[in-house]
Amino acid sequence: MSTFSENLKLQRQKKNLSQEELGKLIGVTGVTIMRYEKGMREPKLEIVKSLANALKIPVASLIDVNSSIMSKATKRFISGKHPEEIELYGDTMDDIVMNSPLGAVINDYQTARAELNSKRLETICLCYEYLDDQAREKLYKYACQLLEASDEYKEAIQKYGSAFSDENDATE
């Protein structure tokens with residue numbers, strides 16, 4: 001893997017930007033960009049994210065999880081002294097992982113899992129009409145367990161709070 005400085009220079013040149021132009025896009029001088037490209041300075045994660053946004057590329061095109069920039073950011077994150085950086089750190093890690101070969105595997109897994117859950121729901125719906133009341137109750141409880149384990153349900157709980165969960169409980 002190339003270094004941050006090599007990647008930055010390559011990506012900047014691909015966009016036909018001068019160091020000065022790129023610097024202006026993120027609020028630093030062209031000299032600062034030159035220092036990053038020569039490896040004389042290393043930016044904080046926030047600047048790397050700004051550079052990626054300015055260049056319209058994923059952060060993973062500039063750094064990977066093993067870069068010294070990520071190592072320093074991880075130490076800052078673990079220290080707990082910079083809670084304002086939690087979202088930035090998480091977003092950057094997501095960007096790096098999802099734009100790596102592992103990202104494709106994760107996407108395939110999530111797609112397969114969603115398809116499996118969809119098939120389970122279809123099967124439950126088909127079976128439900130042929131069951132007696134006691135079997136329907138068991139199947140209903142099983143379906144609720146599947147729902148509560150789903151990412152969509154967890155997201156709805158986070159988004160709408162316990163009111164969403166209470167409404168579902170009230171309909172039982």
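Predicted model: local features only at pLDDT ≥ 70, side-chain atom pairs only at ≥ 80, totals over all residues.
Residues are numbered from 1 along each chain as its sequence is written, and side-chain values use heavy atoms, with hydrogens and water left out.

**Overall shape**
- The protein has 10 helices and 0 strands (DSSP runs numbered from the N terminus: H or I of at least four residues for helices, E of at least two for strands).
- Its radius of gyration is 24 Å, well over the 16 Å that the globule rule gives for 172 residues, so the protein is more spread out than a compact globule (taken over C-alpha atoms; the rule is 2.2 Å times the number of residues to the power 0.38).
- Along the principal axes, the C-alpha atoms fill a box of roughly 75 × 30 × 25 Å.
- Of the 172 residues, 24% count as buried (under 20% relative accessible area; exposed is over 50%, partly exposed in between, with a 1.4 Å probe and protein chains only).

**Helix α2**
- Leu22, Gly23 and Ile26 are buried in α2 (residues 19–26). They cover an arc of only 100 degrees around the axis, which puts them on the same side of α2 (using directions from the helix axis to the C-beta atoms).
- Lys24 and Leu25, on the other side, are exposed.
- The buried residues of α2 pack against α1 (4–14), α3 (30–38) and α4 (45–55), with contact meaning heavy atoms within 4.5 Å.
- Gly27 follows α2 and has a positive phi, near 85 degrees.

**Helix α5**
- Ile78 lies in α5 (residues 68–79) and counts as exposed because its relative accessibility is 65%.
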